[in-house]
Number of protein chains: 2
Amino acid sequence: MKTLILISHPQFEDSGTQQFLKTSFYSLDDVKYQVIDELYTATGTIDIEKEQNALRDFDRIVFQFPMYWYSSPASLKRFMDDVFTRNYIVAKRSLKTKELGIVVSLGDAEADFQAGGPEQFTISELLRPFQAFANKAGMTYLKPFVVNQFGYLDPAQKEKLLVDYLEYLSAEMPLSLANREQWLVARLQDTKADKSADLQQAIDLVINSIEDQQNNVESLKQDVKMIRDQEE
Amino acid sequence: MKTLILISHPQFEDSGTQQFLKTSFYSLDDVKYQVIDELYTATGTIDIEKEQNALRDFDRIVFQFPMYWYSSPASLKRFMDDVFTRNYIVAKRSLKTKELGIVVSLGDAEADFQAGGPEQFTISELLRPFQAFANKAGMTYLKPFVVNQFGYLDPAQKEKLLVDYLEYLSAEMPLSLANREQWLVARLQDTKADKSADLQQAIDLVINSIEDQQNNVESLKQDVKMIRDQEE
């Protein structure tokens, strides 16, 4: 599965959050990123046809941005207005069957975003325009990935964020236990290649243990199903 | 009351809807309009302090735009990102107590915007980011004014649209019967100045008739109140 991250950030190089996320997805071969702001010339032009064609090979398109005034920064909207022409999206259905992910980072606490809270509305509500776009384009709208106040995370939380983020970029959706395990095993297989024989053996042990657990879960599911069937 | 219309439209001069609305608000002295796209230089700079100061004298700020991908065109977002700094909005509370209006024109039918309809979400839901902004800025969020498929309107519908629009720009909110009548009488008084004596007399008759009706409504309200009080 191939993923394109379209980043909208006026100061991408200076953003701690963005640079942290950037270092992490270098480990995935099938993930490409593009800073939208860099696609425009100084006089504000963009090669529309080139950008339309550039999306063709990807299965998952991820809009990644910090929340500015309850939406993306202007550059993503500009890109959508310019590149996502009505002909491209509605007539030709060019993005149909692709997935649309959103990675949004928050400066204010995620808990503030609810009815009665300081921000009044949920992240889901504020991102409705993107969901409506996915709906119109025939895309599958993925559950948005929220980076909650990156500056306050401790090292362990950052490590978890990194794994969750890589999963969001490249695992099969929805993120069921089975899909997560399958993804993890694939990642472990990837990392084996350039390791010593000892390390390769250790990784194999981990993979076997995950696969054993998968089998256990499968057999438990069978048992539950049998009990339910007998009850009916 | 002074109103500023901030228009976001990449082809303002070529838009039938925008040009129709534009001719109409020339009749109001206290309404000013500004096309946001014209505030930027060719290299994309804007005088932030000047634009911040320009808002000071207005009581009502109206964002006017066609709906592009379920939001405003990019230029409004860019203006918000640039001019509405955190210091200006949150620390200084510069827009506090002002009203925020939205005039949004739709290419697709308004009836499509509901759960289960082709667009799935209501206009209210899609405009949440602007409502959340008003909330953060301490502004009063006015009920958005929707221009529904202007191209399909007949002359009578356009005439009604024009009156409703002028009301939205300059009448006291909420648009109660009393506020609408007060607004209408003020408009009629305005138009009297340069008319012939005969026409002035005719306008006075209309004004008197509206004021008589206001008195009738007032006395009816008193009656209803008395009946209710007796019932309790």
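1. Polar contacts across the interface. Chain A and chain B share 17 residue pairs in polar contact, both residues at pLDDT 80 or more. A polar contact here is a pair of N or O atoms within 3.5 Å, one able to donate a hydrogen and the other to accept it; residues adjacent in sequence count only if both atoms are side-chain atoms. This is a predicted model: local features need pLDDT of at least 70, side-chain atom pairs count only at pLDDT 80 or more, and totals for chains, interfaces and linings use all residues. Side-chain values use heavy atoms, without hydrogens and water.

2. Salt bridges. There are 8 between chain A and chain B (a side-chain nitrogen of Lys or Arg within 4 Å of a carboxyl oxygen of Asp or Glu). One of them pairs Asp108(A) with Arg86(B), closest N and O atoms 3.5 Å apart.

3. Extent. About 2700 Å² is buried between the chains, 60% of it on carbon and sulfur atoms (accessible area, 1.4 Å probe, lost on putting two parts together, summed over both).

4. Helix α8(B). Residues 177-192 of chain B form this helix. Its buried residues include Trp183(B) and Leu188(B) (under 20% relative accessible area, 1.4 Å probe, protein chains only). Their cover includes α7 (155-170) and α9 (197-231) of chain B.

Note on methods: Residues numbered from 1 in each chain as written. Chains lettered and ligands numbered in written order. Helix = DSSP H or I, 4+ residues; strand = E, 2+ residues; numbered from the N terminus. Expected span 1.5 Å × (residues − 1). Buried < 20%, exposed > 50% of the residue type's maximum accessible area, 1.4 Å probe, protein only. Contact = heavy atoms within 4.5 Å.
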